[in-house]
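This report concerns charged side chains that pair with one another. Please look at the sequence and the structure first.

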Amino acid sequence: MPNGVAAHADEHGHVHVHHPAHQHHFQTMQQQQEASALGMWLFLVTEIMFFGGLLVAYMLYRVWYPEAWSEGSEELSIVLGGTNTLVLIGSSLTMAFAVRAGQTGRAPKVIVGWLGITMALGLTFLVIKFFEYKEKFALGHVPGRNFHAEGPHAAQLQIFYSLYFALTGLHALHMIIGFGLLSVIAWMAWKGRFSEEWYTPLEMSGLYWHFVDIVWIFLFPLLYLVDRAHQLS
Amino acid sequence: MATITTATTALPQRDYLNHDHSVASWLLTKDHKRIAILYMVFVTLAFLIGGIFAAAIRIELTTPAGDLVSADTYNKLFTMHGVNMVFFVLIPAVPAILGNFCLPLMIGARDVAFPKLNLLSWYVFVIGFFFTTTAMIVGGVDTGWTFYVPYSSQASNSNVFLTGIGIFIAGFSSILTGLNFMVTIHRMRAPGMTWFRLPLMVWALYATALVQVLATPVIAITVLMMAVERVLGFGIFDARLGGDPVLFQHLFWFYSHPAVYIMILPPMGAISEVIACFSRKQIFGYSFVAFSSLAIAVFGFLVWAHHLFVAGISPYSAMVFSFLSFAVAIPSAVKTFNWTATMYKGAIWWKTPMMYVLGFLGLFLIGGLTGLFLASLGLDVHVHDTYFVVAHFHYIMVGGAIMGYFAGLHFWWPKITGRMYNDSLGKLSALLIFVGFNLTFFPQFVLGYLGMPRRYHAYPPEFQVLNVLSSAGASVLAVGYLLPMCYFTYSLFKGEKAGANPWGATGLEWTTQSPPLPENFAEIPIVNEGAYEYSKREMKVA
Ligand SMILES: [Cu+2]
């Protein structure tokens, strides 16, 4: 019997030969994989709508309070934000390598290796983000009762920071969930669960990881690069 | 509808209910039919709780003075009535109960695409319900189910956060169910089950799923931001900082208007099934009914600001939203005309489900037409936030959605339980609900037009007669709703055995035994004809 294929009899006494990951309510393995892929894409659509609500608020207030936006943005560190952007783009690349390794049936240690680098990069992102947050706490830029800012736009600046923390906080939460997800996938890969015929969870986590990266690709310019052109000259 | 290319099963005794009786087999089930019943338990519970709040409201309003409860308590009563009924009854009732039960059976599948996710959706729902119920027990919430800021973020000292989190959590149950159904409809159809052979219930569930998936995340983030603003002092909607409370209303209604279609589209699907079956006819204009579901879902996303006509939005945008709100009435009217045309010259069989359908048609018509009043800018200014609005949305959401749910429940009850209920009592309850409903809510149109505002526990004495009529109607309505609980429960133990197809209906769910096998079909059916080929079969009465 080929690798990863099992046979067993169901409650009617029919003997099935099928992949161990094949669930009974699907007629074929292909149907199962197509269902998973469609489900994942739909999930990502719901995520877009989820972040979308906040981005609507962002658009409105950016149009209303351009000065507060440019002031708030200037307080953010392009170096840290930029580094994190590069870190995440790199992690998307290594994630793609991990999926490719699964797709081409490479050894578990290759898949786990790429996943490990991806997770390390994700962790780097979170550590840098942590130091950024820490600085905001020190400066009193966390919205709420202890918020502190000077100048004519202090009140609107709090709206900017509310959106900053809501957007980056939700993004960081997605990163943490992704980190947990990849740990499980790495463990499954280590156990040799994936093969050329079946690597759906690996591929789906890849989609999720890329999505979270793309969210950051939007957040970085929206939050860090407001009205920065004059600094270039 | 389909010719089944297999012999009937040789194991009639085994079904999804009796193959395992343990509690664990229920709480860990991945069977869509059992999950439907799990939902039914909690939805019924929420319906009873919401009903008790409604009763308290109607008792308070029999006298003009605010004598039974204080104004604060009254605020809590209508808020908790709304929260229970909207998020824990109307949203899940038809998709999560009847949809879950019927969808895989209707398309000839063994289950939904993601059975574990389906069970997870139920747990998420129960956790959300637990949070809002806890909020009620520890003191309640008084902002109105709409949670407008700054009532919810600053002015209220009730349990807004707990309730908000409960709604946030329950929202994910709705999202996951919609996602599951969409994938199921795309990927799990039996061989030969083309899109245009799908029962109209499936089209309705698909359109609903579209709304669930696209709209619900927006309310989730909105309620979350409102809760964060309340607890941590974030300032996205805070007018003191330059934030915009009207933005909250936009985001809230971006979900909550389409949510009306989450409530009404699936019952419309059930109505299509019942009306074809009991008229013994091919549904009139199948593709019009199918596409009108999608049109309602799409147009439904473009009308939300009709709730904001007096909130200070620009008159030009109000004109556009008014126009679009009129436009969304077209596909609803298409459905109503097609249903009526289906009955025309049909051999109508007067059984309980059909009585509920007639009730639905009457109430939905009134609800829909008064919606046009509210969509017109000038009239809306006059009746905004009055009992006219209350009456209108109850005609749609209770008269339409709950009546449709009951039509579907009476139609599929023999399939779900394998037992028949008492038909005369069923007809009586349909009649009581129809009469009681009109008596409760028709006077409220008049009250609203005369200027009685909603959400007050006291009112001027000249409104008393109409309010007493309304409260009297509510008691009739209560009897009408409790009656099915009695005869359904009785039928579980003493009801006549139903047989596979007591209504002589087309549809794959009627080709399998009642109650169905755990795996639905002994062999996956092969479909070779449309959904409503009633002309091809002789009338068979159970
Ligand atoms: Cu609306």
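## Salt bridges

Asp423(B) is buried, at a relative accessible area of 17%; buried means under 20% relative accessible area, exposed over 50%, and partly exposed in between (1.4 Å probe, protein chains only). The side chain of Asp423(B) meets that of Lys351(B) in a salt bridge, at 3.9 Å from N to O. This pair links distant parts of the chain, 72 residues apart: Asp423(B) lies in helix H15 (residues 423–450) of chain B, and Lys351(B) in the loop between helix H11 (329–343) and helix H12 (352–375) of chain B. Helices (H or I, at least four residues) are DSSP runs, numbered from the N terminus. A salt bridge here is a side-chain nitrogen of Lys or Arg within 4 Å of a carboxyl oxygen of Asp or Glu. Lys351(B), Asp423(B) and Lys427(B) are linked in a network of salt bridges.

The model is predicted: local features need pLDDT of at least 70, side-chain atom pairs count only at pLDDT 80 or more, and totals for chains, interfaces and linings use all residues. Residues are numbered from 1 along each chain as its sequence is written, chains are lettered from A and ligands numbered from 1 in the order in which they are written, and side-chain values use heavy atoms, with hydrogens and water left out.

Over all chains, a search of the whole structure finds 9 salt bridges. Two of them are listed here.

| Salt bridge | Closest N and O atoms |
|---|---|
| Lys136(A) with Glu135(A) | 3.7 Å |
| Arg240(B) with Asp238(B) | 3.0 Å |

Lys136(A) is buried at 1% relative accessibility, while Glu135(A) is partly exposed at 34%. Arg240(B) is exposed at 64%, and Asp238(B) is buried at 8%.

Conventions:
Helix = DSSP H or I, 4+ residues; strand = E, 2+ residues; numbered from the N terminus.
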